[in-house]
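Hello,

Here is the structure I promised to pass on. Please have a look at it before reading my notes below.

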Amino acid sequence: MTSRRSRTGLSCGRSGAGAPGSFAERGLSPVVGAVLLIAVAVVLAAVAGSLFLGLGDESSPAPSVSLDLEPAPADATALVHDQGAVLDGDRIRLRGVADADALVGRDLAAGQSVTVAPTRDTVTVVWFDPDSEASYTIAELDVPERANSASGGLSSGGSDALDSLAGDVFTTNASGILAIEGDGGDVGVVANTGAVAATGSATTDITGDGDRDVPFVDTGGTVAVADASGDVTTVAQSTDIPGSIETSKTRLATGSWDGSPASVFFVNENHDRLYRAAPGGSPVQVAAPGDGVQAVLGIGDIDADGTDELVFADASQQVRYVDPDGTGGTDVEVVANAQAGSNNGVGAGTLADLDGDGTPAVVVADGSNDLVISREASGGGTETIALTVEADEAAKAPLTAADVDGDSTPELVYVTSDDGGRVVRYVDDVGGANTLRVLNDDDGDAVVGSDETGAT
C-alpha cells in the first residue's frame, strides 16, 4: 500500500494536483477527441471527394457497344454492330475466327456488319487501347447454329459425311487429306486431294465462296486448296517459280498479310525464298531471309505491336518472323526458344492464343519430341510440355491448336512419334494441368495420323 501511495504521490506531484482526475488528465481527453474527430473528417472528405470526382471508379477505356453474331447467306456468319460507339477496326482483333483482322482498315458503325468464319463456339472481340496498347474484351459472342452444307466430296469410311471444314484438324493418309471433326467426331477423307506431301490449317476462304479451304502441296509440287465439297483449286505450280516448290518437311499457311489478298504461303525447294499465291494470280515473293525458310507457321501479332507478323521456320528450323517495316520493306526477327525439330517431318507448329490475352504464342515440336510454347516475342516466357513417355512423344512434324473437345478453349493437337504409333493426341488445359488425351473417332478408336505432315 505504501508503494502505491508513493507512486500516486509522485504522479500528483508532477501534475500539480493531489486527487485523481487532475487538470492534466482532464485536459488531455478533449485534445485526443478533437484529433480523432479531425482525422475522421479528413477520411470522410477524401472518400466523398473521390466518389464525387469519380476517382474511385476503375472503368475500362474501351468503347461501349452492343454486338451480335447472326447467320448470313451461304452458311456464313455476320458480326453485327447493333448500337454504341463506332469501332476503329485497326484497334480490333477477333478471336475464334479464321481472320483475326477482319475489321482492319475499316470502321464498324451501328447497323453495319462484317462476315466472319468462326473456328470456335465462341467469338471474342478484343479492343486495344491506343495509349497503352492494353487489351480489353468488349464482347464474347456465341456462334449461331448454321444449316448443314452439302458435303458430298467427303467420304468417311462408314461414318456420316462431314458437314464442313470448320474447326477440323487435318492429317494425311494414303487416300489424301484426313479431316477430323474433334474428339469423338466424324473422320473422313477430303475428296480429290490425292497424294499429299504437306498441308496447312484451314483458316481462310481462299476461293471466295464463303467456305474455308485447306491448303496442300501434292507430291508433284502443285500448291492447291480444297473445300468440304471436294472442290480443288490450283494456286501455284513448281514451274511458276525458280527452284520448284518444296514438298517435304514443310508446312503451308493461309491468310492475308501486309495488305495481300487471301493467299497460300509456301516455300521453294532451295529453302531460300518465301512465296504467296492466290487463285488466278502468279506467285509473289514475300521474303528471301538470309537464314533461309523451310516451313510457314502462320500469321499473327506475336509481338503485340498491333501489326501481324508472318512466322516461319528457317533452313535450320529456327523460328523467325517477318515484320513489315512501314516503308514497303520487311524486318526479320528471331523468336527466342523456338527451335523446331526435324526428322520425317519438321516440327513447325502453329500460332495460338492459349491464355486468352489476345496475343498468340508460338508453338513447336522441338528436337527432344517435346512441345515448346514461346511468348518471347511479346515479352513473355517459354513453357515446355515435356512428353517423357514414348507413347506420348510428339513427332517432329507440324502441330496445331483447335477446340477439339468443345470446351471453347484451344487444345494443342499433335501426332505422336513412330514409337507412339503415330496416334493423334491433344493437350487439354494448356498451361494448367496439361492433360494428355487421345483423339478418338466416333467409333471410339484412336485416330492415326502422319508423322510427316503432322496435324494442321
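What follows is a short account of the fold and its salt bridges.

This is a predicted model: local features need pLDDT of at least 70, side-chain atom pairs count only at pLDDT 80 or more, and totals for chains, interfaces and linings use all residues. Residues are numbered from 1 along each chain as its sequence is written, and side-chain values use heavy atoms, with hydrogens and water left out.

The protein chain has two helices and 32 strands (DSSP runs numbered from the N terminus: helices are H or I, at least four residues; strands are E, at least two). Of its 456 residues, 47% are buried (under 20% relative accessible area; exposed is over 50%, partly exposed in between; 1.4 Å probe, protein chains only).

The whole structure holds nine salt bridges (a side-chain nitrogen of Lys or Arg within 4 Å of a carboxyl oxygen of Asp or Glu). Among them:

- Asp 355 pairs with Arg 375, with the closest N and O atoms 3.4 Å apart. Asp 355 sits in the loop between strands 25 and 26 and Arg 375 in the loop between strands 27 and 28, so the pair ties together parts 20 residues apart in sequence. Asp 355 is partly exposed, at 43%. Arg 375 is partly exposed too, at 22%.
- Asp 392 meets Arg 425 at 3.2 Å, N to O. The two are 33 residues apart, with Arg 425 in strand 31. Both are buried.
- Asp 418 bridges to Arg 422 at 3.5 Å.
- Asp 291, Asp 314 and Arg 320 form a network of salt bridges.

Best wishes
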